[in-house]
Amino acid sequence: MRPLIRTARCCLSARVRAMATLPMAPAATAISSSSSPTSPLSTSSLPHRLLLARFLPATPAPAGTRGLRTSAAAAASAVEVGGVNIAREDVVKEDDPTNNVPDTIFSKIGLQLHRRDNHPLGILKNTIYDYFDKNFAGEFDKFDDLCPLVSVKQNFDDVLVPDDHVSRSYNDTYYVDGQTVLRCHTSAHQAELLRDGRTHFLVTGDVYRRDSIDSTHYPVFHQMEGFRVFSPDDWSGSGMDGTAYAAAELKKTLEGLARHLFGAVEMRWVDTYFPFTNPSFELEIYFQDDWLEVLGCGVTEQEILKRNGRTDHVAWAFGLGLERLAMVLFDIPDIRLFWSNDQRFTSQFSEGKLGVKFKPFSKFPPCYKDMSFWINDAFTENNLCEIVRGIAGDLVEEVKLIDNFTNKKGMTSHCYRIAYRSMERSLTDEEINDLQWNVREAVKSKLKVELR
Ligand code: FA5
Ligand code: MG
């Protein structure tokens, strides 16, 4: 098995550079000079600035992460998704060591931004539906209301994620208990839909990941899964074997989708690895002066088809990040904005209008605060980010490692720069100082690190 590495994404700062479409590079194109955004389920081995990997086995949450919940979110007590009623106590279990879901996460369940027709994510979802309806005449079944609480089996085992894969760790995934997670990708629904006899489907939903903080990463985001099964009749006349045929169909379909969405934009294919596809690819789009990964895809592993009643068939699958595409299409500079209820944001979008450029309603300066500490063995950046997010909520824009050294005694120091900025108003010095003080106290007491 290839090494399983997580990489830090690079800080993306400038604006979209939408350009003439480059011809899609062949899958084998070697890509240099870029940093790849994090992807726990893939390992595109691109150069990266920081290695944040903490390979944790799938064991209960380490002691240092247990107290990471805060009361930042005044969570509703229950929500309903896809006919399932989810109460706070079903998801947030403060005394259960196998649970690591904070209230800030529970407060997002059931909001289903992708089902709002005049929200950028809903507009994008509907435009992708249009593409599939137009090109495949209603062949694709659509699901956008499947419950995000899934079993470990659905999320990982059914899609062949190895037992020691980093994405299974408590550092990366929100566990409700030892057997149940908040899905970390829409691929969690592939197997059940196949078993249900489906051969063409699109699944859109909210997905959850413990992750670091910056303008293109958020612990709750939205994916659309696409899946298409072929039978031997489909490829027999093509002169290709089933895998080559499915890979060619996949790229054709996604290149067509990219043109449908963007018209002209600079993009490229990157070879990667997923446990559930082979070969596997990622599509990247040039955005804010850097390459932004917008989807992962590939030819489905035979084992998945075999286990679910489709022996002798082949299939392609993709999983795309709706926020990532919407940021490029609507010129939305920060992923937190998708969650804004501010009229000045929401009123700019309307049903069916893809690509209306977002006009920032105000620009408030960020305020930076640095924090240095000696880390311990249990320290992870995701745990730090969860604490910061729990205290500052969406007022935190970025948490970035700016200095890292080990002294002669072998002690390692990290310095993180936290950027605080509201999308909606000016923050007072006092407010920021309070936040930072609370963050420092929580980091000290919960992560047991020594502040410097
Ligand atoms: C997956 O989740 C795979 N399940 C995708 C897939 C499906 C591959 C089917 C093959 C076949 P990945 O972890 O790379 O892969 O995430 C897919 C996309 O989700 C990324 O390309 C990116 O667009 C988006 N994404 C990932 N993490 C975040 C995040 N924290 N915030 C916003 N978007 C994210
Ligand atoms: Mg990825």
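Which strand gives the largest share of the shell around ligand 1? Strand 11 does, with five residues. The model is predicted, so local features are taken only at pLDDT of at least 70 and side-chain atom pairs only at pLDDT 80 or more, while totals for chains, interfaces and linings use all residues. Residues are numbered from 1 along each chain as its sequence is written, chains are lettered from A and ligands numbered from 1 in the order in which they are written, and side-chain values use heavy atoms, without hydrogens and water.

**Stop 1: the ligand**

Select ligand 1 and the 30 residues around it, of which His185, Ser187, Arg209, Gln223 and Glu293 come nearest; a residue is near if one of its heavy atoms lies within 4 Å. By class, this shell holds 12 nonpolar, 12 polar and six charged residues (Ala, Val, Leu, Ile, Met, Phe, Trp, Tyr, Cys and Pro count as nonpolar, Asp, Glu, Lys and Arg as charged, and the others, Gly among them, as polar).

Next, display the polar contacts to the ligand, which are pairs of N or O atoms within 3.5 Å. A polar side-chain atom of glutamate 293 is 2.7 Å from an oxygen atom of ligand 1. Serine 187 places a polar side-chain atom 2.9 Å from a nitrogen atom of the ligand. Taken alone, ligand 1 exposes 680 Å², and the protein buries 100% of that (Shrake-Rupley method, 1.4 Å probe).

**Stop 2: the sheet**

Colour the strands, which are DSSP runs of E with at least two residues, numbered from the N terminus, as are helices (H or I, at least four residues). Seven of them form an open sheet with mixed pairing, in the order 3-7-8-12-11-10-9; two strands pair if DSSP finds at least two bridges between them. Strand 3 (141–143) and strand 9 (267–274) each have a single partner strand, so one side of each is left without a neighbour in the sheet.

Now select strands 8 and 12, which run antiparallel and are joined by eight bridges. Glutamate 225 has glycine 319 in strand 12 as its bridge partner. Show helix 7 (residues 242–262) as well: this helix packs on the sheet and touches strands 8, 9, 10, 11 and 12, where contact means heavy atoms within 4.5 Å.

**Stop 3: two backbone details**

Most residues other than glycine have a negative phi, and most peptide bonds are trans. Select asparagine 278 and proline 279, which are joined by a cis peptide bond with omega about 0°. Proline 279 is found in strand 10. Finally, select aspartate 331, whose phi is positive, near 60°. Aspartate 331 lies in the loop between helix 9 (322–330) and helix 10 (343–346).

Conventions. A polar contact is a pair of N or O atoms within 3.5 Å; within protein, one must be able to donate a hydrogen and the other to accept it, and residues adjacent in sequence count only if both atoms are side-chain atoms. Axes are lines fitted to C-alpha atoms, for helices over the stretch in contact, and angles run from 0 to 180 degrees between N-to-C directions.
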